[in-house]
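Hi there,

Here is the structure I promised to pass on. Have a look at it first, and then read on for what turned up in it.

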Amino acid sequence: MDRILPGSIILLGVVGLLILMVLGWRARGRRQSALSTAAVPPDELLGELRIAVTGLYVSTTTAGAPLDRVTLRGLGFRGRATVSVFDAGILISVTGEPQIFVATERVRSVGTSTWTIDRAVEEGGLVRLDWTLESESSTPAADVESFFRIENPDQSSRLIEAITALTPSPGPANPDQEGSLA
């Protein structure tokens, strides 16, 4: 009997925190509701497959705000992923989520990173894709950064080379070495 009251208080606190987490996630989703990802084009419009690598999709955050996770379907949750580079752009396939297509003209740069919102690894252990999300309304498009943990370091460098070949003016290869937070 003497443990029921403290146990009930702890249980109510945990339930309260879970409710606040769900409400926060929904509010973030409403704030980002004007943003959208491009529809995946038909196979014949994708062009030639340059490379496909597997690994872990870690997160997508707003550029310059490394703790602001993007919650759009296909980008909100971590999972096993395949990143495929085609002539027309990049196809991100996270297990259990809809595919995300990043058209070539939306890619800003690619490089490596050491940390993101919930993952820290060895120097250059994450592949960082900087790109722009589309906007469905008068809200401006949003620059975002997607992070991937590729299983094989050789595949990481090949992926970066393939994406760099798509972009007309690649950005810095490794912002961590230049003091960037992302």
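What share of the contacts in the protein chain with a separation of 6 or more comes from residues 24 or more positions apart? The figure is 64%. Please keep in mind as you read that this is a predicted model.

First, the overall layout. The protein chain contains 3 helices and 11 strands, and along the sequence they run α-β-α-β-β-β-β-β-β-β-β-β-β-α. Of its 182 residues, 42% count as buried. The chain exposes about 10,000 Å², with carbon and sulfur atoms supplying 59% of that area.

Next, the aromatic rings. The count comes to 1 aromatic pair, formed by Tyr57 and Phe148. Their rings are tilted, with 5.8 Å from centre to centre and 55° between the planes. Tyr57 belongs to strand β2 (residues 49-62) and Phe148 to strand β11 (residues 142-150), so the pair ties together parts that lie 91 residues apart in sequence. Both Tyr57 and Phe148 are buried.

At its start, a side-chain oxygen of Asn152 comes to within 2.8 Å of the backbone nitrogen of Asp154.

Which residues of α3 are buried? They are Ser156, Leu159, Ile160, Ala162, Ile163 and Leu166. Looking down the axis of α3, these buried residues fall within an arc of 165°, so they line one face of the helix. Their cover includes β2 and β11, along with β4 (79-86), β5 (89-94), β7 (107-113) and β10 (126-135). On the face of α3 turned away from the buried side sit the exposed residues Pro153, Asp154, Glu161 and Ala165.

Finally, a loop residue. Glu48 is located in the loop between α2 (43-46) and β2. Is Glu48 buried or exposed? With a relative accessibility of 56%, Glu48 counts as exposed. Leaving aside residues up to four places away in sequence, Glu48 touches Val85, Phe86 and Asp87. The C-alpha atoms of Glu48 and Phe86 are 5.5 Å apart, although 38 residues separate the two along the chain.

Terms used: Residues are numbered from 1 along each chain as its sequence is written. This is a predicted model: local features need pLDDT of at least 70, side-chain atom pairs count only at pLDDT 80 or more; totals for chains, interfaces and linings use all residues. Side-chain values use heavy atoms; hydrogens and water are left out. Helices (H or I, at least four residues) and strands (E, at least two) are DSSP runs, numbered from the N terminus. Buried means under 20% relative accessible area, exposed over 50%, partly exposed in between (1.4 Å probe, protein chains only). Contact means heavy atoms within 4.5 Å. Accessible areas come from the Shrake-Rupley method with a 1.4 Å probe; for residues, only the protein chains shown count as cover. Rings of Phe, Tyr and Trp (its six-membered ring) pair if their centres lie within 6.5 Å; planes under 30 degrees apart count as stacked, over 60 as edge-to-face and the rest as tilted. The arc is that of the directions from the helix axis to the C-beta atoms. A polar contact is a pair of N or O atoms within 3.5 Å; within protein, one must be able to donate a hydrogen and the other to accept it, and residues adjacent in sequence count only if both atoms are side-chain atoms.
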